[in-house]
Each structure stands twice: as structure tokens, then as C-alpha cells.
Amino acid sequence: MSEGLSAAQLKELKDMLLARRKALTAEMDQNIENLAPPEVNAGSVSQDENARLRNQTREVDAALTNLDMADIARIDRALEAMDEGSYGVCARCGCHIPFERLKVEPMTQHCVKCKGELEQAAARA
């Protein structure tokens with residue numbers, strides 16, 4: 001078990017992760033179901049506009065599916081870290097991530113300080 005987190009805290013966080021994973025999977029399934037093949041119409045202007053709107057919706061659903069897949073991968077990494085006993089430890093500096101931060105973002109791999117530094121570095125790049 002991770003130092004700094006009680007068994008009850010770990011259970012609460014695991015339940016949050018599993019619930020979020022279930023919700024994301026349902027959203028992703030719906031987005032995939034909405035993905036119809038792109039339409040190519042050479043008909044009237046209104047038919048072309050409708051096809052363009054359907055294609056835009058398809059692109060949005062595909063983007064949302066990709067985001068959901070990335071979040072599911074982050075959740076799976078957090079669940080694996082729980083199983084390994086390394087959950088709640090910053091991947092950058094090794095400090096224990098406070099329970100309050102993990103409740104806000106249970107799949108985080110970084111403490112607030114390191115996450116801020118990483119975001120600043122990314123903004124400068």
C-alpha cells in the first residue's frame with residue numbers, strides 16, 4: 001500500500017477511478033456508434049451542407065473517442081500503480097501526492113508543483 005494514503009482513501013480513489021472508467025467507456029461506445037462513414041454528395045447545396053455537418057460531427061466524435069481512450073489509459077496506469085503500491089507518488093520528484101489532490105484528479109502522476117513546472121515548460125516550448 002502507498003505510504004501517505006490509508007486503505008479507506010485508496011478504496012475511495014479506486015472506486016472513483018473505476019466509476020470514471022465505466023462512464024468513459026460508455027461515452028466512447030456511444031461516440032463509436034455515432035461514427036458513420038463520411039458522406040460525399042454531389043447533390044443540391046442543402047444536401048452538401050447536411051453532408052458537411054454530418055462529417056464535422058463524425059470528426060468531433062472521433063476526437064472525443066481519442067480523448068476518452070487517452071483518459072482510460074491514464075486510469076489504467078493509476079489502477080496498475082495501486083496494485084504495485086506506487087500510487088500517489090509523484091513520477092517526477094517522488095514525493096507523496098496529497099489525498100486532496102488525488103480526489104480532484106485521481107489519475108494524476110504528478111504533485112501540484114511538478115505539474116505546474118511541466119505545464120510551464122510545455123508553454124515555453
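What is the accessible surface of the protein chain, and how much of it belongs to carbon and sulfur atoms? In this predicted model, the accessible surface comes to about 8200 Å², and 56% of that area belongs to carbon and sulfur atoms. Of the 125 residues in the protein chain, buried residues make up 26%.

The protein chain contains four helices and zero strands, so that, by the DSSP assignment of helices and strands, the pattern read along the sequence is α-α-α-α. Among contacts between residues at least 6 apart in sequence, 56% join residues that are at least 24 apart.

The largest nonpolar core has 20 residues, and those with the most contacts inside it are Leu5, Leu13, Leu17, Ile75, Met82, Tyr87 and Leu102. Two or more residues are given to this core by each of the elements α1 (7-34), α2 and α3 (99-104), with α2 giving the most, namely six residues. In soluble globular proteins, nonpolar side chains tend to be buried together. When its neighbours within four places in sequence are left aside, methionine 82 is in contact with Leu10, Leu13, Lys14, Leu17 and Tyr87; among these partners, Leu13, Leu17 and Tyr87 are also listed with the residues that have the most contacts inside the core.

Terms used: Residues are numbered from 1 along each chain as its sequence is written. This is a predicted model: local features need pLDDT of at least 70, side-chain atom pairs count only at pLDDT 80 or more; totals for chains, interfaces and linings use all residues. Side-chain values use heavy atoms; hydrogens and water are left out. Buried means under 20% relative accessible area, exposed over 50%, partly exposed in between (1.4 Å probe, protein chains only). Contact means heavy atoms within 4.5 Å. Accessible areas come from the Shrake-Rupley method with a 1.4 Å probe; for residues, only the protein chains shown count as cover. A nonpolar core is a set of buried Ala, Val, Leu, Ile, Met, Phe, Trp, Tyr and Cys residues joined through side-chain atoms within 4.5 Å.
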